[in-house]
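Subject: Two-chain model, handover and notes

Hello,

Here is the model we talked about. Please open it alongside this message; my notes follow below.

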Amino acid sequence: MRGAIRIDENRCKGCELCAVVCPKQVIEIADYFTARGYRPALYNDPQQRCTGCLLCATICPDAAITVYREARAERAVSV
Amino acid sequence: MLTDSMRTVYERPLTLTPALTHYCPGCTHGVIHRLVAEVLDELNVREQTIGVASVGCSVFAYNYFDCDFCEAAHGRAPAMATGVKRVHPDKIVFTYQGDGDLASIGAAEIIHAATRGENITVIFVNNGVYGMTGGQMAPTTLPGMKTTSSQGGRDVETMGYPIRMSELLATLDGASYIVRRSAHDPGHINQTKKAIKTAFQTQQRQMGFALVEILSSCPVNWNMTPVDALCHIKEKMIPYFPLGDFKVAESVKLLKG
């Protein structure tokens with residue numbers, strides 16, 4: 001199943017917990033600082049490995065992560 | 001990558017205000033705030049909820065929860081919640097307290113609120129130090145743990161032993177639901193959320209006093225990175241403060257089933 005996340009950079013405090021729990025390792029820490037002085041987590045997933053498993057959003061202390069998942073295809077109904 | 005065919009499966013709960021929190025990076029207070037907010041959303045009781053904030057790092061909780069809130073004197077949140085609940089028995093009343101607040105200066109209030117079986121919900125965040133004032137030793141500081149007021153490590157000969165609040169409160173007949181959970185990994189965070197939900201449902205069905213103790217991290221005052229702090233909970237705190245259900249009244253057991 002394919003998924004994606006969006007990280008609210010302004011909320012992120014760069015604690016790295018999401019990057020540690022991500023099983024697909026698609027979250028990295030930026031090399032720049034936000035206006036609040038933190039290095040935010042960045043979602044970098046060129047190979048579309050994110051499954052929308054929710055682990056990052058579950059552990060994020062700042063509720064900065066929104067998770068999306070591919071809608072399931074309609075199941076064919078036998079006639 | 002986000003595409004048009006994707007739908008949102010998780011977003012920030014409505015009960016959290018847009019305010020940016022003052023918590024340090026990696027502090028699990030934020031996680032526990034979010035869990036309480038998600039539960040209030042799921043039970044659809046935001047408009048009927050009155051929270052009571054304590055003194056400690058969670059002193060500004062009223063800025064972060066989008067429900068009615070009041071602020072109690074240090075340790076007196078259960079006493080204030082008792083009053084609020086008795087005047088407004090149709091409202092959902094919860095306190096959000098840290099260990100310095102609940103287990104130290106507020107020990108009398110929490111014990112008597114529990115023994116009276118007040119129909120309130122208590123969220124007890126246990127991180128083993130006084131976070132707001134700079135990391136002094138709390139009643140729940142582990143033996144041997146270094147803090148700013150026990151610089152050689154907590155010496156149990158002179159400073160006594162940590163209090164296990166959940167076990168203590170579970171001996172009281174008035175309490176209905178007393179459990180300890182942890183916020184150190186996503187699996188335990190999900191279990192914590194279930195316990196918080198049960199604690200609020202206990203109050204909704206007027207089944208009496210419910211308390212959820214949550215082991216939390218304090219990376220700054222423990223002098224650790226956020227990731228190491230979560231490992232510290234798992235390796236050092238949980239052996240001393242075992243997770244589990246210490247008291248679940250028969251009526252509350254039916255809730256779960």
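Strand 2 (residues 49–53) of chain B runs parallel to strand 4 of chain B, and five bridges join the two. One of the facing pairs is Ala53(B) with Tyr96(B), the latter in strand 4 of chain B. Strand 4 of chain B also pairs with strand 5 (residues 121–126) of chain B. That pairing is parallel too, again with five bridges. Here Gln97(B) has Phe124(B) in strand 5 as its bridge partner. Keep in mind throughout that this is a predicted model.

How well covered is strand 4 of chain B, residues 92–98? Seven of its seven residues are buried. In a regular strand, side chains alternate between the two faces of the sheet. Both faces are covered in this strand. Ile92(B), Phe94(B), Tyr96(B) and Gly98(B) are buried on one side. Val93(B), Thr95(B) and Gln97(B) are buried on the other.

**The core**

The largest nonpolar core holds 93 residues. Cys56(A) and Ile123(B) have the most contacts inside it. Helix 1 (residues 29–43) of chain B is the biggest contributor, giving seven residues. In soluble globular proteins, nonpolar side chains tend to be buried together.

Which residues does Ile123(B) touch, leaving aside its neighbours within four places in sequence? From strand 4 of chain B come Phe94(B), Thr95(B) and Tyr96(B). Ile32(B) and Val36(B) are contacts as well, and both fall within helix 1 of chain B, residues 29–43. Ile196(B) and Val212(B) complete the list.

**Where the chains meet**

In the contact between the chains, 28 residues of chain A meet 26 residues of chain B. Strand 4 of chain A supplies the largest share, five residues. By class, this side of chain A has 15 nonpolar, five polar and eight charged residues.

Strand 4 of chain A pairs with strand 1 (residues 6–10) of chain B. The sense is antiparallel, over four bridges. Glu70(A) stands opposite Met6(B) in that strand of chain B.

Which strands make up this open sheet, and in what order? There are three, in the order 1(A)-4(A)-1(B), with antiparallel pairing. Strand 1 of chain A and strand 1 of chain B stand at the edges. Each has a single partner strand, so one side of each is left without a neighbour in the sheet. On average, neighbouring strands are turned by 30 degrees against each other, direction ignored.

**Chain by chain**

Chain A has two helices and four strands. Along the sequence they follow the pattern β-α-β-β-α-β. Its radius of gyration is 15 Å, well over the 12 Å that the globule rule gives for 79 residues, so chain A is more spread out than a compact globule. Its C-alpha trace spans about 60 × 20 × 20 Å along the principal axes. Buried residues make up 39% of chain A.

Chain B has 10 helices and 10 strands. Its radius of gyration is 18 Å, which agrees with a compact globule of 257 residues. The C-alpha atoms of chain B fill a box of roughly 55 × 50 × 35 Å, taken along the principal axes. In chain B, 53% of the residues count as buried.

Now for the contacts between residues at least 6 apart in sequence. In chain A, 67% of them join residues at least 24 apart. In chain B, that share is 68%.

**Two backbone points to look at**

Most residues other than glycine have a negative phi. Two residues of chain A are worth a look here.

Gln25(A) has a positive phi of about 50 degrees. Gln25(A) lies in the loop between helix 1 and strand 2 (27–29) of chain A. Is Gln25(A) buried or exposed? Gln25(A) is exposed, because 11 other C-beta atoms lie within 10 Å and the limit for exposed is 12 or fewer.

Leu54(A) has a positive phi of about 80 degrees. Leu54(A) is in the loop between strand 3 (41–43) and helix 2 of chain A. With 17 C-beta neighbours inside 10 Å, Leu54(A) counts as partly exposed.

Best wishes

Note on methods: Residues numbered from 1 in each chain as written. Chains lettered and ligands numbered in written order. Predicted model: local features only at pLDDT ≥ 70, side-chain atom pairs only at ≥ 80, totals over all residues. Contact = placed C-beta atoms within 7 Å. Nonpolar A, V, L, I, M, F, W, Y, C, P; charged D, E, K, R; others polar. Pairing = 2+ DSSP bridges. Core = buried A, V, L, I, M, F, W, Y, C linked by C-beta atoms within 7 Å. Buried ≥ 20, exposed ≤ 12 C-beta atoms within 10 Å, placed from the backbone. Rg over C-alpha atoms; globule rule 2.2 N^0.38 Å. Axes fitted to C-alpha atoms, helices over the stretch in contact; angles between N-to-C directions.
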